[in-house]
Amino acid sequence: MIKPKQPRKFVTPTFPLAALLAAILFCSAPAFAVSKDMVQLQTQIQALQDAVARLQQSNDERMGVMKDLIQQSADSINKMGANVDVMRKQLQTQQETQSGKVDQVSGQIQSLNDSVDEIKARIATLQKLMQDVQSQQQSMSAGMPQPTGSTALPPSNPAPLTTPAPAAPAPNGKKGKPSASIPQAADPPDPAGPAVPPADQLYKTALGDYMAAKYPLASSEFGDVVKYYPDNPLSGNSFYYQAEINFRDGHYPAAIKAYDAVLEQYPDSNKVPASHLHKGIALFNLKENEAGTRELRTLIQRFPNSPESMQARSKLSGMGIPVTPKH
């Protein structure tokens with residue numbers, strides 16, 4: 001017997017629906033969690049940005065303070081530099097003033113030395129005149145017959161003792177011209193040549209023209225002193241003033257040659273320190289710095305306490321050259 005087919009029952013697919021609901025719930029839960037994390041992250045980022053902003057502000061304030069300090073330091077350094085420049089200028093002015101005073105004192109000392117030399121020369125001339133007069137008196141006394149039976153007269157008349165006085169008219173001999181009242185004994189050794197005034201008179205005339213800035217005439221007159229009286233100490237002074245005239249005119253080689261004449265031929269002259277000093281300066285002016293340095297160092301070594309030595313030290317120090325050579 002065939003059984004009749006029973007109708008199929010509809011079964012609801014519960015598993016796929018549950019899975020779908022679970023998936024929806026699963027997806028919605030993480031989205032909510034992610035949103036919460038994002039909010040927290042944004043909050044942290046905002047806090048970090050605030051902290052960075054505060055740090056930046058603090059750094060800006062510190063940088064401002066540092067800039068102020070740097071500016072103050074720069075101002076202080078500039079003020080110190082200005083003060084140093086002022087002190088340097090004051091020191092330089094003081095050195096120049098002292099150098100000028102030393103030059104003035106040196107000039108005064110030279111003038112006094114010249115006066116002393118002139119007096120010494122006059123004394124030597126007077127002594128020579130007196131010796132010549134005494135010799136003439138003795139010759140005259142020897143040739144005169146002596147009276148007999150009575151006391152002999154004094155060997156010489158007191159009046160001739162005043163005969164050296166003819167040297168006084170020497171100022172009348174202008175510009176090196178001889179005076180007729182000067183005895184022949186005071187003339188140069190060459191009797192056949194023209195009469196020449198004594199060395200002191202020639203030197204005095206030349207020195208007067210030098211002081212009056214008549215340099216060409218004075219140079220010629222100093223040359224006469226050297227020519228006619230080479231062994232006289234005044235010839236050393238004459239060489240020196242000839243060198244000074246050439247130095248003033250910028251003729252440094254000729255000046256150095258004349259200074260060398262003083263240093264070599266008249267080592268006892270009181271113009272030796274000044275000759276060393278001015279020769280060294282002339283060498284520097286000729287750009288011969290090494291020779292000039294040696295000359296000034298020689299001056300300092302030979303005459304350490306002289307005014308010229310002080311000037312030499314100032315000159316070397318001003319040029320940045322050590323006073324004593326480095327070994």
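A: Helix 7 passes helix 8 in a left-handed crossing, where left-handed means that the near helix is turned anticlockwise from the far one by less than a right angle, and right-handed that it is turned clockwise. The model is predicted, so local features need pLDDT of at least 70 and side-chain atom pairs count only at pLDDT 80 or more, while totals for chains, interfaces and linings use all residues. Residues are numbered from 1 along each chain as its sequence is written, and side-chain values use heavy atoms, with hydrogens and water left out.

Axes here are lines fitted to C-alpha atoms, for helices over the stretch in contact, and angles run from 0 to 180 degrees between N-to-C directions.

From helix 7, Thr293, Leu296, Arg297, Leu299 and Ile300 meet Glu308, Ser309, Ala312, Arg313, Lys315 and Leu316 of helix 8, contact meaning heavy atoms within 4.5 Å. By class, this contact of helix 7 with helix 8 has five nonpolar, two polar and four charged residues (Ala, Val, Leu, Ile, Met, Phe, Trp, Tyr, Cys and Pro count as nonpolar, Asp, Glu, Lys and Arg as charged, and the others, Gly among them, as polar).

Another pair is helix 4 (residues 233-248) and helix 6, packed at an angle of about 25° with their axes 11 Å apart. That angle makes helix 4 roughly parallel to helix 6. Helix 4 also passes helix 6 in a left-handed crossing. Tyr240, Glu244 and Phe247 in helix 4 meet residues of helix 6 including Ala274, His278 and Ile281.

Helix 6 (residues 272-285) also holds Lys279. Lys279 has a relative accessible area of 13% and is therefore buried (under 20%; exposed is over 50%, partly exposed in between, with a 1.4 Å probe and protein chains only). Leaving aside residues up to four places away in sequence, Lys279 touches Ile256, Tyr259, Asp260, Leu263 and Glu295.

As for the whole, the protein has eight helices and zero strands, helices (H or I, at least four residues) and strands (E, at least two) being DSSP runs numbered from the N terminus. Of its 327 residues, 27% count as buried.

Conventions. Parallel < 35°, antiparallel > 145°, perpendicular 65-115°, else oblique.
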